[in-house]
Structures are given as C-alpha cells and as structure tokens.
Amino acid sequence: MLFRSKGCTGNYQVLKKLALRIGFGPKMPCGKAILYIDNLCECIYQIIIRQSYGLFPLQNKEIISTSDLAEVIAKHNNRKFRQYRLLNPFIKIASLFIDKLNTAFGSEYYAESFTFNINSEFDYNVVSFEESIRISEGD
C-alpha cells in the first residue's frame, strides 16, 4: 500500500526522484493499491459518523502500475518518462535478488469484490488519482 500526500516522505518520493532523474523505466503490467491521505480521512470520518465497525480494506478506486505512476509524476513536473518493455526481463531477474524491486514492480491491491462492501456503504474517494497527483506535486 502506498500512502500519498503533499510533502509525504517514503516510497512516493523515491519513485519521484527516479522518474525525474532517470526519465525511463520498465513497462510492467503490475497494479498498486494507492491511498491518498484525503480519501483516508474521509473514510475515517464516514466510519465515525455512521458508527460502522469491521475490517475496512482501503484503496483509491483507480489501480495503477508503478510505471504509469512515474509517468504521471513526470508529466506534472513538465518532464517525460518513457516506458520500455525491453527492461521487463531485467527487472524480473533483478527482483529475485533485490527485494525493493519486487516491492516496487509487484502487484499489491485488493480485489474489487473485497472492497465492494465498504464502497457500497459509502464513497470515501473524494479526490481522484489525477487530482491527488496534482495536489501532491504542488500544481
């Protein structure tokens, strides 16, 4: 799970640095569960006012790959980020030895059927993916 907000440290900032400095990466078909902080706050608010209880698997509506996220970050910084399938075999082999690559380019998200219960009870996705990147990048 990747949490994001403006000024947040962690994996998002690492990906941002790589996207802006290198400008290219693999075109991997992985999916990431990302949760923007405003959406998390809205969910907590809805849980409190509705007095809901249980397990709440949270993620934004949009599932996005790490490569696509890097491309959007670069776009919001007026840079280009190119994706190449040619790099995929190298990333797959290297991820056997470098755990962070497996984390970055592996698929980590909840199945839609698992998140359906909470989404049908209330909609906590008040900020879209594109808008959250715009806010995070300070546009």
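Student: What makes the contact between the side chains of Lys-61 and Asp-123 a salt bridge?

Tutor: In this predicted model, a nitrogen and an oxygen of the two side chains lie 3.4 Å apart. The rule asks for a side-chain nitrogen of Lys or Arg within 4 Å of a carboxyl oxygen of Asp or Glu, so the pair of Lys-61 and Asp-123 qualifies.

Student: Why is this pair said to tie together parts of the chain?

Tutor: Lys-61 belongs to the loop between helix 2 and helix 3, and Asp-123 to the loop between helix 6 and helix 7, so the pair joins parts 62 residues apart in sequence.

Student: Why is Lys-61 called exposed, and Asp-123 partly exposed?

Tutor: Lys-61 has a relative accessible area of 55%, and exposed means over 50%. Asp-123 stands at 41%, which falls between the limits of 20% and 50% and therefore counts as partly exposed.

Student: How do you know that Glu-137 and Lys-16 form a salt bridge?

Tutor: Their N to O distance is 3.1 Å, and the cut-off is within 4 Å. Glu-137 lies in the segment after helix 7 and Lys-16 in helix 1, 121 residues apart.

Student: Is Glu-137 buried or exposed, and why?

Tutor: Glu-137 is buried, because its relative accessible area is 11% and buried means under 20%.

Student: Why is Ala-19 placed in the buried class?

Tutor: Its relative accessibility is 1%, and the limit for buried is under 20%. Ala-19 lies in helix 1 and touches Ala-70 and Phe-81, leaving aside residues up to four places away in sequence.

Terms used:
Residues are numbered from 1 along each chain as its sequence is written. This is a predicted model: local features need pLDDT of at least 70, side-chain atom pairs count only at pLDDT 80 or more; totals for chains, interfaces and linings use all residues. Side-chain values use heavy atoms; hydrogens and water are left out. Helices (H or I, at least four residues) and strands (E, at least two) are DSSP runs, numbered from the N terminus. Buried means under 20% relative accessible area, exposed over 50%, partly exposed in between (1.4 Å probe, protein chains only). Contact means heavy atoms within 4.5 Å.
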